[in-house]
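Have the viewer open as you read.

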Amino acid sequence: MIRSLLRRRQAASGLPAPDACTPGRHALATRRLLFYTPVTRLDVWAAISAGADPDAQRWQGNQADQVIADADTRRALLQMGPNGATPRWFIRSNPEMAEPFEPSPEMPEFMVCVRRDTGRYAGYFEINTDKGELGGNLAPDHRGQGLGTELFLAGAEFAHRHAGLPTVRAGTATANLACRRALERAGFVPAPGPTRHTLPDGRELDSVWYRHQGTASACARL
């Protein structure tokens, strides 16, 4: 009953309904977050903004062309949302942001994340289904609130119940204690893996690995 009421409420709001997946597109929810395959280019750019700030890049080390470098642009995108939280003038001025996003079979499974209470963009997770590896980010003003645990819980659920993976792994820097705590609270346990990781910008970090196991099944997929 709760799930069906949630599905009706999400459908009425114009947002994807949790577990109402279609081929190539997925949606699921935790208590405070909604995750779904991006629908528009705005979804993608806002999600990328969530992990493009210096604190996040300390651990990711992406190249300049892989992030949104301008802090004002990042902040503006992250003040928006897919339903009612994006000013109409922004879409009129940037019509390309309303263009549909079509996921490619070659891409990792990428899920944008929004806060269910505000409708604002909050982050993303992605899963490389070939390697069975999970990664993700929260926007700066959504950190330190326990949402990282919900993000990794959703990532594990997606891996098992949507992508059909019995095991999903996640690696992080040894010094990234916030990420490690979130993984552990989401039920991930230590696992063997490379002890050093080279970032795209050439820096090397000590790393630790975790895994999450569950019953594998698959929803509507390509």
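## One residue to start with

Where does Asp19 lie? Look in the loop between helix H1 (2–13) and strand S1 (27–29). Keep in mind that this is a predicted model. Asp19 isn't a glycine, yet its phi is positive, at about 70°.

Bring in Glu157 and you have a network of salt bridges linking Asp19, Glu157 and Arg161.

## More charged pairs

Side chains of opposite charge can pair when their charged atoms come close. The structure holds 12 salt bridges, and a couple of others are worth a click. Asp53 and Arg143 meet through their side chains at 2.7 Å, N to O. Asp53 is buried, at 7% relative accessible area, whereas Arg143 is partly exposed at 29%.

Then there's Arg120 with Asp141, whose closest N and O atoms are 2.7 Å apart. Here the loop between strand S3 (109–115) and strand S4 (121–128) supplies Arg120, and the loop between S5 and H6 supplies Asp141, 21 residues apart. Asp141 is partly exposed, at 41% relative accessibility.

## The whole chain

Zooming out, the chain has seven helices and nine strands. Its radius of gyration is 17 Å, close to the 17 Å the globule rule gives for 222 residues, so the chain is as compact as a globular protein of that length. Along the principal axes, the C-alpha atoms fill a box of roughly 45 × 40 × 35 Å.

Of the contacts with a separation of 6 or more, 63% are between residues 24 or more positions apart. Buried residues make up 44% of the 222.

As for the surface, the chain exposes about 11,300 Å², with carbon and sulfur atoms supplying 53% of it. On the charge side, count 27 positive and 23 negative side chains, the centres of the two sets lying 8 Å apart.

Key: Residues numbered from 1 in each chain as written. Predicted model: local features only at pLDDT ≥ 70, side-chain atom pairs only at ≥ 80, totals over all residues. Heavy atoms only, no water. Helix = DSSP H or I, 4+ residues; strand = E, 2+ residues; numbered from the N terminus. Rg over C-alpha atoms; globule rule 2.2 N^0.38 Å. Buried < 20%, exposed > 50% of the residue type's maximum accessible area, 1.4 Å probe, protein only. Contact = heavy atoms within 4.5 Å. Areas by Shrake-Rupley, 256 points an atom, 1.4 Å probe, with all protein chains shown as cover. Lys, Arg positive; Asp, Glu negative; His and termini not counted. Charge placed at Lys NZ, Arg CZ, Asp CG, Glu CD. Salt bridge = Lys/Arg side-chain N within 4 Å of Asp/Glu carboxyl O.
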